[in-house]
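Hi everyone, thanks for coming. I'd like to walk you through one chain today, so please have a look at it first.

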Amino acid sequence: MPPARSGTDDEPGGAITAAAEQVSDRAIAAAAARLIDLSHSIHAEPELAFEETRSVAKTIAPLAERGFEIETGVADLPTAFRASYGSGPLTVGICAEYDALPEIGHACGHNIIAASSVGAALGLAEVADALGLTVLVLGTPAEESGGGKVLMLERGVFDDVAMAMMVHPGPFDIVGAHSLAMADLSIVFHGREAHASAAPEEGRNAGDAVTIAQVALGLLRQHLQPGQQLHGIVGNGGVAPNIVPGRAELLYYLRAVDSASLDDLMRRAFDCFAAGALATGCTHEIRTVAPTYTELTPDPALLCAYREHIVDLGRVPIAPELERQRPLGSTDMGNVTNVIPGIHPVIGIDAGGAVTHQPGFAEASVNASADRAVTDGAFALARTAITVARDEVHRDRLLQRLVQRQEDIR
């Protein structure tokens, strides 16, 4: 149980707020063992994008037991869900991620995200009526590849959400976490097969087109704008050494500090792909594998409240002026925060020097510091929602933005 904060009715976050926090904290503390078990259980059975059936069932179970209304298969996504409690006008959306990475499992710690989101929701359920809240857990599949939140956002699942929150584990605490806009691309080159020895002149080598495109991309790197990145793999380069490859594929991520910069990078990278096709007499096609992710734009008021509470829990986040120096990759939560006031802070775990998407981070995602991150994340998210719900200025701002967004949708 974290230390309670004190206050008076005359102060921001006064006695009523402090009392609500204590009620929420007690509920989270009472559920701590269950939350840690949930984190470990999801970790033990990693599931890939849009296949997270066991993880969804595990995540829903404690919410259903508490009386949350559960709706599964939302947005025509079998592993997406909404779990709601209360009927207040201010709907607090807490995003739960639970997909894993190929081969290295939960090396991004989504098991921690799911458990901390459930914990925050259980805490807020205890004060929902008193604070005029609807507590909503959004099960969001396929963050690693597939853009579950983007699809859910486009299909109306977030339409009633006034604020959206989650915490993501990392090697250290970052309140105003910064992410990059990202395009997930497949580039397929089509040539013509031929015997590589008996009749090579009859072939048009799609594998060579891949090579030329990658050389062009490598030369482009010198001239990229700050914050632009590109990285990829050969998904398919041919079938046998004695057959001129008639088909080859590149899988690439393009990233940039914002959507405008990403558009510029895509234009230049597309020229590199076209160069590979032109030089080899091949054709090519470019396909977007998953929805394009936009950069995170966290809400300042929510950030301020979260920072206060995470510090109260004894954590030391990096200084705000250093936050943009440590982008955490890309996330579909960026798309959510571009539409809805929200936050996506990073909560630190002791990973022994490992970073996300390394096997060592997967191992660390169930150690003692990861277990603490589950509960600290739940405490901080719940307290942040309580702070905003009790602040008339911020509450009204969130509700007014929601009304305007709903009018725009109509």
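Let's start with residues 183-273, where the chain is 33% helix and 29% strand, and the end C-alpha atoms sit 15 Å apart. Helices here are DSSP runs of H or I with at least four residues, strands are runs of E with at least two, and both are numbered from the N terminus. Why pick that stretch? UniProt, in an unreviewed entry, lists residues 183-273 as "domain: Peptidase M20 dimerisation". UniProt positions are in the numbering used here, feature names are shortened, and annotations may be inferred rather than shown by experiment.

A word on the model itself. This is a predicted model, so local features need pLDDT of at least 70 and side-chain atom pairs count only at pLDDT 80 or more, while totals for chains, interfaces and linings use all residues. Residues are numbered from 1 along each chain as its sequence is written, and side-chain values use heavy atoms, with hydrogens and water left out.

Now, the inside. In soluble globular proteins, nonpolar side chains tend to be buried together. By a nonpolar core I mean a set of buried Ala, Val, Leu, Ile, Met, Phe, Trp, Tyr and Cys residues joined through side-chain atoms within 4.5 Å. Buried is under 20% relative accessible area, exposed is over 50%, and partly exposed is in between, with a 1.4 Å probe and protein chains only.

The largest nonpolar core has 64 residues, and those with the most contacts inside it are Leu 63, Phe 68, Leu 124, Leu 133 and Tyr 306. Which helix gives the most to this core? That is helix H12, residues 368-390, with 12 residues. There is also a second, separate core of 26 residues, which includes Ala 248, Leu 265, Ala 269 and Cys 282.

Back to Phe 68 for a moment. Leaving out residues up to four places away in sequence, its contacts (heavy atoms within 4.5 Å) include Leu 63, Ala 83, Tyr 85, Ala 121, Val 135 and Val 137.

Next, Ser 24, in helix H1, residues 15-30. Is Ser 24 buried or exposed? Ser 24 is buried, because its relative accessible area is 1%. With the neighbours up to four places away in sequence set aside, Ser 24 touches Gly 123, Leu 124, Val 127, Ala 382 and Ile 386. One of these, Leu 124, is on that list of residues with the most contacts inside the largest core.

On to charges. Side chains of opposite charge can pair when their charged atoms come close. I count a salt bridge when a side-chain nitrogen of Lys or Arg is within 4 Å of a carboxyl oxygen of Asp or Glu, and the count comes to 15.

My pick is the pair of Asp 332 and Lys 149, at 2.9 Å, N to O. The pair links distant parts of the chain, 183 residues apart: Asp 332 is in the loop between H9 and H10, and Lys 149 is in helix H6, residues 148-154. Asp 332 is buried, at 0% relative accessible area, and Lys 149 is buried, at 0% too.

Asp 299 bridges to Arg 397, with the closest N and O atoms 2.9 Å apart. Asp 299 lies in the loop between strand E10 (283-293) and H9, and Arg 397 in helix H13 (392-409), so the pair ties together parts 98 residues apart in sequence. Asp 299 is buried at 5%, while Arg 397 is partly exposed at 26%.

Then there is Arg 372 with Asp 376, at 2.7 Å, N to O. Both lie in helix H12, four residues apart, about one turn of the helix. Arg 372 is partly exposed at 38%, and Asp 376 is buried at 6%. Finally, Glu 45, Glu 47, Arg 54 and Lys 58 are linked in a network of salt bridges.

Last topic, the backbone. Most residues other than glycine have a negative phi. Phe 50 has a positive phi of about 65 degrees; its place is in the loop between helix H2 (32-44) and helix H3 (53-66). Asp 76 has a positive phi of about 60 degrees and lies in the loop between strand E1 (69-72) and strand E2 (81-85). Phe 50 is partly exposed, at 33% relative accessibility, whereas Asp 76 is exposed, at 72%.
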